[in-house]
Amino acid sequence: MIGYGWAGLLRRYLVDPVEMWWPANVAQVSLFRALHEKEHKAKGMTRMKFFLFAFAASFFYYLFPGYLFQILSFFSWVCWAWPHNITAQQIGSGAKGLGIGAFTLDWAGISAYHGNPLVTPWVSILNVGVGFVMFIYIILPLCYWKYDTFDARKFPIFSNQLFTNKGLKYDTTKITTPQLELDIAAYDNYGKLYLSPLFALSIGSGFARFSATLIHVALFHGGAILKQSKSAVNNAKMDIHEKLMQSYKHVPEWWFLIILFFSIALSLLMSFVWRETVQLAWWGMIFAFVLSFIVTLPVGVIQATTNQQPGFDIIAQFMIGYVLPGKPIANLLFKIYGRISTVHALSFLSDLKLGVYMKIPPRCMYTAQLVGTLVSGVANLAVAWWMLEGIQNICDTEVLPTDSPWTCPKYRVTFDASVIWGLIGPRRLFGPGGLYRNLVWLFLVGAILPVPIWVLSKIFPDKKWIPLINMPVILYGFAGLPPATPTNIASWLITGAIFNYFIFKYHKRWWQKYNYVLCAALDAGTAFMGVLLFFVLQNNNILVHWWGSEADHCPLASCPTAPGIIVKGCPVF
């Protein structure tokens, strides 16, 4: 609900200007038009008929990667060619390695982490691709095989787990008190925490991405934001859709402020009443609110123009981890208020722009979103509670079978983050004497990277391609790994290039008519089949077990390669 307040205050910057076009909304607009508009007779299939065919195909196809033939999710043929070679499997594994040569034919895996590639502009895809190739195929191999950075070879090249210095999984229960705080003596006795090399570099890229986002928006959009703030918009371009929306009554700003202040008051009350349980004092709450408000605007500008949302989870947890070390619950709560409220604000702003495109009265949109949020909040909590109680060993990868759909990779990373930033704290890992202290320099690197691009755009104003080099989006090419795998991102890039470059260039009429309809159909078909598979088969423990039902088949990809490290199922060097 706090996000609604931020959205109301930032509408003039992230909804009204024509430059803020929110690419993801185009697919929804195309779907609504296909469902509700009557098309004149024209050559080729109508968009409605195309949607139904594509929906049916996506629905039935997902039966294979989602249940019968799950190897389609990670097709790692390199591991089959070299079944006993650790390096080959580290390079070729789609699920646990660099994914070179691997691919996925699972739409859920392609669109899960960076959004739907069919609605992402080609320029954004290209920027993400540059960052992805640079990090995954150049920097990471050098750090792992050539320089053994951060003792990298003691651990799997790609993993969302935490490790001891002997390459074993880190048991956090040995260093926590009954109050879920850090037992310093136990930590000193048990030993330091280590990360897989890709996980460590992903955190470093998050440092650079945060500072690059702030500097990029200040340089390239700062002037326009200041003009909007001063209401000096006489010559500013207003979206034609926004002009048409002037016929409706607008939502007064105080409607949003009531929700904002009420939500803040409830949150502060919680921090006073349940102080010992939540571990976060009132001043920590206020700190989270301020951070969320400051960051929502620059992140929103990036998302509204590129369909990519540079996250700052790491920064939020980094900051409060320095202030409140050893308190993981406080760290998670700060992340929720400092980061997740921004995500909700951006989601609402995107919906407000969709309402503008579809000419929905703003007050109706406000009411529908508010009621929908309250209903979905209760429903989500009930479903989450039911899953935790009803699904045996949910998220426990040590016990679950390899083909289980309940491994929870995203929430595993959330748990890891609470240990890194909350329980142990950034001072021990990234402060003076910490193993990962040099990654902090990437804050400075990220702040510097947008400056040369901005300077060149001013020196050569006729070169329109220079401002299209977007450093936050380039650094976003490494975002989400883990839980995303390189194969997920590479397949996303390839799919986006096929549709938004080649088909757009050589079959533009087809692209204009069907691309966004196809986008909606693929998402809808996959989602409906996923729900059906769960309730009919997986929830009743009706599973298939054969060679094709297990993804990847690269068991050695998770093995360390440093001498003397003993891990079950791996050879010792």
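Cys395 is partly exposed in this predicted model, because its relative accessibility of 33% falls between the 20% and 50% cut-offs. Its partner is Cys408, and the two sulfur atoms lie 2.0 Å apart in a disulfide. Cys408, by contrast, is buried, with a relative accessible area of 14%.

The whole structure holds 3 disulfides. One of them joins Cys79 to Cys554, with an S to S distance of 1.9 Å. This pair links distant parts of the chain: Cys79 belongs to helix 5 (residues 77-81), while Cys554 lies in the segment after helix 24 (508-536), 475 residues away. The link is right-handed, at 105° about the S-S bond, and both of its cysteines are buried.

Cys559 and Cys570 form another disulfide, at 2.1 Å from S to S. Here the angle about the S-S bond is -85°, a left-handed link. Both residues lie in the segment after helix 24, so the bond connects parts 11 residues apart in sequence. Cys559 and Cys570 are both buried. With the bonded cysteines numbered in sequence order, the pairing reads 1-4, 2-3, 5-6.

Cys364 is partly exposed at 46%, whereas Cys519 is buried, with a relative accessible area of 3%.

As for confidence, the average pLDDT is 85, and 96% of the residues score at least 70. Residues 231-235 fall below 50, and this stretch has 3 contacts beyond near neighbours in sequence.

Key. Residues are numbered from 1 along each chain as its sequence is written. This is a predicted model: local features need pLDDT of at least 70, side-chain atom pairs count only at pLDDT 80 or more; totals for chains, interfaces and linings use all residues. Side-chain values use heavy atoms; hydrogens and water are left out. pLDDT is the predictor's confidence in each residue, from 0 to 100. Contact means heavy atoms within 4.5 Å. A disulfide is a pair of cysteine sulfur atoms within 2.5 Å. Helices (H or I, at least four residues) and strands (E, at least two) are DSSP runs, numbered from the N terminus. Buried means under 20% relative accessible area, exposed over 50%, partly exposed in between (1.4 Å probe, protein chains only).
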